[in-house]
Amino acid sequence: MNDMTPSAKSLPKDWETDQEVRWCPGCGDYAILKAVQRTMPEIGARPENTVFVSGIGCSSRFPYYMETYGFHTIHGRAPAVATGVKLANPDLDVWIITGDGDALSIGGNHTMHLLRRNLNCQVLLFNNEIYGLTKGQYSPTSRVGTRSPSTPFGSVDRPATPCAFALGSGARFVARGIDVHKNLPMVLKAAYAHQGAAFVEIFQNCIVYNDDVFASFTAKPNAGNQMWVEHGKPLLFDGGTKGLAMDVERLVLKVVDVAGGDWQAAGVAVHDQTNRGLAHMLVEMPFGSFPMALGVLYDDPAPTFDSAVVAQNTAASEGKAANLQKLLSQGQTWMVEKEPRAE
């Protein structure tokens, strides 16, 4: 770790390790790593107070490249280890790095319970809709028809929607970003500012096994299909020429044209990041007829799991003195004595 006092402001290079970054050339993970390393100084985080916990997958090499404390754990269990870290030292900044397979397949229930409990941490889910580390099998988020070594005739599974999963699990912060987009640091900052479990899905391009799977909204010619939401601002996209309005009869969102920038006349809805129902609508919009909703979709803090545990332990120990011997001796005890040796 670099020699730096806790009060000194860090620089991006203070978050870089001497390890060779080992991802495929052109992998979106590189861009996410740089975005995180640039963001950490801006949010005032400190390397000596930060922990990155990962599971298994390409994304899970992340802790090796961050000059912080870190755990590279086992498949799907990063949330369990992160929970232990946070409860052991609630003052630590805990980040979980995971992938669509790691978090939503073998780790599905661990992810669900971490979000339900609302542990104060940040969860970055790299979604490339494929298993990259194990050579391109389809994953829980792979779309119907995906051809892979495990689905040679095309996947027939209905894919999971990570943000819908998070909302259904009780997450109080849900956001989306793109690996190479300039707005990703903005999303990371919002996640860090949130008190509770902050879930961020990052669309990440796997250049080897699923290249350009998100090109329909990430490629520059298709940027008009992105809708970056902002609290209190109208839900506009395609350069402000289109927006989302509420169909009050069917209680669903609909796309409307915006003439001359007059979004109010077109009935465009305003984003409210505290509205859980609206967040559900945004994450479940069918892409193609609707844009891809990005940014902070939902942010409505609630009491955290770790703060409740600390408060409970404090109350339970109030007025009591620590006595290990008394603890060990309580209940049924017995003394083992040495029998005298027979002569």
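The structure holds 8 salt bridges. The model is a predicted one, and every value below is computed from it.

## Salt bridges

Side chains of opposite charge can pair when their charged atoms come close.

| Pair | Closest N and O atoms |
|---|---|
| Arg 143 and Glu 129 | 2.9 Å |
| Glu 230 and Lys 233 | 3.5 Å |
| Lys 13 and Asp 14 | 3.8 Å |

Each of these pairs can also be described by how much of its residues the solvent probe reaches. Lys 13 has a relative accessibility of 54% and counts as exposed.

The bridge between Arg 143 and Glu 129 links distant parts of the chain, with the two residues 14 apart. Both Arg 143 and Glu 129 sit in the loop between strand 4 (121–127) and helix 5 (162–168). Arg 143 is partly exposed at 35% relative accessibility, while Glu 129, at 8%, is buried.

In the bridge of Glu 230 with Lys 233, Glu 230 has a relative accessible area of 46% and is partly exposed. Lys 233 is partly exposed too, with a value of 41%.

## Overall build

The protein has 343 residues, of which 45% count as buried. Its secondary structure consists of 10 helices and 11 strands. Along the principal axes, the C-alpha atoms fill a box of roughly 105 × 45 × 45 Å.

The accessible surface comes to about 17,800 Å². Carbon and sulfur atoms account for 53% of that surface. Among contacts between residues at least 6 apart in sequence, 66% join residues at least 24 apart.

## Packing of helix 2 and helix 4

Helix 2 (residues 78–88) packs with helix 4 (residues 108–117) at an angle of about 35 degrees, and the two axes are 8 Å apart. Helix 2 contributes Pro 79, Ala 80 and Thr 83 to the contact, and helix 4 contributes His 110, Thr 111 and Leu 114. Sorted by class, this contact of helix 2 with helix 4 has 3 nonpolar residues, 3 polar residues and no charged ones.

## Two buried residues

Trp 95 belongs to strand 3 (residues 93–99). Is Trp 95 buried or exposed? With a relative accessibility of 0%, Trp 95 counts as buried, since the class covers values under 20%.

Neighbours within four places in sequence aside, the residues in contact with Trp 95 include Met 40, Ile 43, Thr 50, Val 51, Phe 52 and Val 53. Gln 122, Leu 124, Leu 188 and Tyr 192 are also in contact with Trp 95. Ala 160 is 65 residues from Trp 95 in sequence, and their C-alpha atoms are 23 Å apart.

Ala 164 lies in helix 5. Its relative accessible area is 17%, so Ala 164 is buried by the limit of under 20%. Which residues does Ala 164 touch, not counting those up to four places away in sequence? They are Val 283 and Glu 284. Ala 164 and Met 281 are 117 residues apart in sequence, with a C-alpha to C-alpha distance of 9.3 Å.

## Loop features

The loop between strand 4 and helix 5 contains Lys 135. Lys 135 is not a glycine, yet its phi is positive, at about 80 degrees. The loop also holds Arg 143 and Glu 129, the pair whose closest N and O atoms are 2.9 Å apart.

A positive phi also occurs at Asp 212, a residue other than glycine, where the value is near 65 degrees. Asp 212 is found in the loop between strand 6 and helix 7.

Val 208 is in the loop between strand 6 (197–203) and helix 7 (215–218). With a relative accessible area of 47%, Val 208 is partly exposed. Together with Ile 207 and Tyr 209, Val 208 forms a nonpolar patch on the surface. The accessible area of Ile 207, Val 208 and Tyr 209 together is about 240 Å².

Methods:
Residues numbered from 1 in each chain as written. Predicted model: local features only at pLDDT ≥ 70, side-chain atom pairs only at ≥ 80, totals over all residues. Heavy atoms only, no water. Patch = residues over 30% accessible without salt bridge, like charges linked within 9 Å, V, L, I, M, F, W, Y side chains within 5 Å. Areas by Shrake-Rupley, 256 points an atom, 1.4 Å probe, with all protein chains shown as cover. Salt bridge = Lys/Arg side-chain N within 4 Å of Asp/Glu carboxyl O. Helix = DSSP H or I, 4+ residues; strand = E, 2+ residues; numbered from the N terminus. Buried < 20%, exposed > 50% of the residue type's maximum accessible area, 1.4 Å probe, protein only. Axes fitted to C-alpha atoms, helices over the stretch in contact; angles between N-to-C directions. Contact = heavy atoms within 4.5 Å. Nonpolar A, V, L, I, M, F, W, Y, C, P; charged D, E, K, R; others polar.
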